[in-house]
Amino acid sequence: MYIENMKDINSSYYINANYLIDYFNNQIRKKKGGGRDHLTPEKFWARYEEEIGDIASKCLQGQYKFSLYNEKLVLKGRDKKPRVLSIPSIKDRLVLGVLNDYLSAVFEDCIHRDVPNVIIDRIKLYLKVQKGSTYFLRTDFTDFYGTIDISVLMSKLSERIIDQNILNLLFTAITTPTASDSNYKSIKKSKSKGIPQGLAISNILAAIYLKSFDEDCGVKVSDLYLRYVDDILFLDSKTNEHLLDILKNEITKKNLALSFSEEKCKAGIIGKEPLDFLGYSIGHKIFIQKKNVTSFISRVASLASRCIEEYNHEYKRPLFIREDTSFFKFYIEEFNMMLSGFKVDRHLYGWLPYYQSITDVASLYGLDRVVRYRILKGIPEEISSNIHSLVDTYYSIHKKSGGNLVKDLDELVTIDEKKHFLAHMGRLDKNKLYSDNQIIEYFNNYIDFIKKRSMQNIGEQS
């Protein structure tokens, strides 16, 4: 009955001129470009505003053609292959975003809404009621997105989507190649495996592909099954030495054409063998992985070194913080957003917000001492006396959703408030005049920048 109701969702409800226009204004206009077209949202709109209806018609007829996606490499650490992201043009991003809304409605039961700290909280709750030993198996898929079988995925999509034109549109989106500027001429389009990472539809397609696997693992294999993208964890009160073989058989039986990373497969008893999952180390207490603590401390130290250098040599400061008052305010903001994080659209971002589910609070006291008495040594008192404590932030997150320690950027509502903040952070030239639309654009670009920076500060999640 549920699936039949899903079939009743009409694609034209989402794919029409009005919906595309609303999506552009709400989701794309405030972002930057980045695709092969090199257009900003405003330049795109000036060129394509009159063609939105035509774009919608081509999509509904299955005739829309995506341009090559731009390749972006994201480094994952030493001795690891970079992650390849596919960056669409603004026009393609608009179509893909609306397709994602449509897929999310048709396959609403496939959406994974749990963020990492919520998943860790589920582990904490499970361990809390366990009286004996807890056995674990932690693994992931090798090149998950790159090995998804397209024909199997299309078959799963067709179980609920009866419009062949929409299926053709999705197939075209999946099979459009990704290329760097240097190799785009030699790209061949035909392929049978792999979907691009980084598209608006990538995550929902991956979730649809693994739905039956998730369902069976959730009820048949162990007490607790958790998956975050391609990171998988099983917890049980009893050991099962054949668990990995069972999983491989499930993959084969469902024709998913996936394989598990042998080097990432780890099994044992929690508290006796190390278990790392989503950047956390899980034992009798839950810690932040040591390498991610080290990486974070290194970033704070780098910011402190820059601050000290600019304080001692005024000519090295950017023009907007040449005066001491502006200099102090800027670095107080930078340190506190790095240590405590920030809030956008009621969501907390940053290193400590990500790792808020630790139970080893004592380690935060140690980190506070390292920051206060080693890293901040030599920082002007006007700055160091106003820098937040990690411990205070931790409790503020848990008791007050961040309170006044997590920078709430949602409070910047008016143009004047956003303009003042941007100037304070060196994002505006005080000798230039800016329109309201420019202020909004620059503010949204800054939000995107600090979101990406916060993800870099978090460290490796697997």
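Visitor: How much space lies in the largest cavity?
Guide: About 50 Å³. A cavity is a set of points on a 1 Å grid over the protein atoms alone where a 1.4 Å probe fits but cannot get out. Volume is the space filled by probe spheres set on the points, with grid points joined across faces, edges and corners. Keep in mind that this is a predicted model: local features need pLDDT of at least 70, side-chain atom pairs count only at pLDDT 80 or more, and totals for chains, interfaces and linings use all residues. Residues are numbered from 1 along each chain as its sequence is written, and side-chain values use heavy atoms, with hydrogens and water left out.

Visitor: How many cavities of 30 Å³ or more does a search of the whole structure find?
Guide: It finds 1.

Visitor: Which residues line the largest cavity?
Guide: Met337, Met338, Phe342, Gly350, Trp351, Ile450, Arg453, Ser454 and Asn457. Lining residues have an atom within 4 Å of a point. Two elements give two or more residues each: α14 and α20 (436–458). Helices (H or I, at least four residues) and strands (E, at least two) are DSSP runs, numbered from the N terminus. The largest share, 4 residues, comes from α20.

Visitor: And by class, what is in that lining?
Guide: 5 nonpolar, 3 polar and 1 charged. Nonpolar covers Ala, Val, Leu, Ile, Met, Phe, Trp, Tyr, Cys and Pro; charged covers Asp, Glu, Lys and Arg; the others, Gly among them, are polar.

Visitor: Pockets next. What volume has the second largest pocket?
Guide: About 480 Å³. A pocket is an open set of points with protein on both sides within 12 Å along at least five of seven lines. This one is lined by 18 residues, and Phe320, Ala423, His424, Leu428 and Lys430 lie nearest its centre.

Visitor: Which element gives the most to that lining?
Guide: α19, with 4 residues. The elements giving two or more are α14 (324–340) and α19 (415–424). By class, the lining has 5 nonpolar, 6 polar and 7 charged residues.

Visitor: Switching to rings. How many aromatic pairs are there?
Guide: The count is 32. Rings of Phe, Tyr and Trp (its six-membered ring) pair if their centres lie within 6.5 Å; planes under 30 degrees apart are stacked, over 60 edge-to-face, the rest tilted. Tyr280 and Tyr355 are an edge-to-face pair, 5.2 Å centre to centre, with 65 degrees between the planes. They sit 75 residues apart, with Tyr280 in strand β9 (residues 280–282) and Tyr355 in the loop between α15 (351–354) and α16 (362–375).

Visitor: Are those two buried or exposed?
Guide: Both Tyr280 and Tyr355 are buried. Buried means under 20% relative accessible area, exposed over 50%, partly exposed in between (1.4 Å probe, protein chains only).

Visitor: Why does Phe327 count as buried?
Guide: Because its relative accessibility is 0%. Phe327 also pairs edge-to-face with Phe328, at 6.1 Å and 70 degrees. Arg317 lies over the face of Phe327, 4.3 Å from the ring centre. The rule there is NZ of Lys or CZ of Arg within 6 Å of the ring centre and within 35 degrees of the ring normal.

Visitor: Last one. What is the strand order in the open sheet of 3 strands?
Guide: β2-β1-β4, with mixed pairing. Two strands pair if DSSP finds at least two bridges between them. The edge strands are β2 (83–87) and β4 (178–179). β1 (residues 69–74) and β4 run parallel, joined by 2 bridges.
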